[in-house]
Amino acid sequence: MTGDPLPKASFWDKPDILTQLEGFWLVSTVVDPATTFRSNFNAREDDVVLASSIKTGTTWLMALSHSILKKPENGDPLATDNPHTLVPTVESAPFTNTKVDIYDASAPRLLHTHLPYSHLPASVKNSTCKIVYIARSPKDTLISMWHFFNAIYRRDREPLPLDEAVDCFCTGVHPFGPFSDHVAEYWLESRRRLEKVLFVKYEEMKSDAKREVSRIAEFLGRPLTGEGEAEELLWRCSLERLKNLEVNSSGHDSELVPNAAYFRKGQVGDWKNYLTSQMEERIHQTVGLKLEALGLFF
Ligand code: A3P
């Protein structure tokens, strides 16, 4: 690469682990795969791209979309593979155990990315391939993120002090941050092109799962046949079921990430158990108000 070196930052005490690319912080190791994806990926019209910032319900959306699109005929793939193995995250695929070749266009693909909308390949933006984005309230996202990075970076140490995690979140210096910009890009595109980008909220998935899962299936062109199918799908992809499967309690998605780290409580409002009122106010002033201005997450 020519020109000035890209800005670097530390995260969870790891020096230079983040690199800033066009306004967003990426984990430094994914910059090359993300750049390759952007310049080399040719979307098929019938590909589906799931998108999310981190810790917003990605794993749930992967499980549901995979079950909707690839109706299990010979058993349930989720019983033997973690959702992240079945639906690769394009920018981290080289470092994970996925068996899916993201560049094999011989059949429609179901892929996932944490990349912001502005970093997507032109072929994804300009073709009719569909994008489903899952968003979550900032405070629960932050708490989920805190648990996740403590589980992978501080396995045998005390957790990172929560106020340091709040600081990363509020300054936007975390993987795929700033959070509010990430959500805003997909939200605005979903308003502009209703047929192209479906915007789903974790909280609404929790409060009215049948309605939301039917909406996703409809959007993907595979409407559910009735309540029974929605119920079966929701059971198959439920946190309780997936968390207790052998593959998820013991396997690994990559050297760094045990499958178990993707499944925790899945509770709306869990932030109330952790954040002080000062932390809450800081998140509100920095991230919350920007989302509220878009009409999101009051
Ligand atoms: P908590 O940490 O609040 O429990 P991601 O998949 O984007 O990494 O998000 C992880 C969050 O989604 C975690 O939230 C996790 O418990 C929750 N989650 C994982 N699988 C889920 C499922 N099948 N249903 C509901 N929530 C799920």
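**Note on the ligand site and a helix pair**

1. Eighteen residues surround the ligand, and the closest are Lys55, Thr58, Thr59, Ser144 and Gly266. A residue is near a molecule if one of its heavy atoms lies within 4 Å of it. This is a predicted model: local features need pLDDT of at least 70, side-chain atom pairs count only at pLDDT 80 or more, and totals for chains, interfaces and linings use all residues. Residues are numbered from 1 along each chain as its sequence is written, and side-chain values use heavy atoms, with hydrogens and water left out.

2. Now the polar contacts (pairs of N or O atoms within 3.5 Å). The side chain of Ser144 has an N or O atom 2.6 Å from a ligand oxygen. For Lys265, a polar backbone atom is 2.7 Å from an oxygen atom of the ligand. Arg136 places a polar side-chain atom 2.9 Å from a ligand oxygen.

3. How much of the ligand does the protein bury? Alone, the ligand exposes 570 Å², and the protein buries 97% of that (Shrake-Rupley method, 1.4 Å probe).

4. Helices H2 (58-69) and H11 (239-244) each give two or more residues to the shell. H2 gives the most, with three residues. Helices here are DSSP runs of H or I, at least four residues, numbered from the N terminus.

5. H2 also packs against helix H10 (residues 227-236). Their axes, lines fitted to C-alpha atoms over the stretch in contact, are 9 Å apart, at an angle of about 135 degrees.

Key:
A polar contact is a pair of N or O atoms within 3.5 Å; within protein, one must be able to donate a hydrogen and the other to accept it, and residues adjacent in sequence count only if both atoms are side-chain atoms. Axes are lines fitted to C-alpha atoms, for helices over the stretch in contact, and angles run from 0 to 180 degrees between N-to-C directions.
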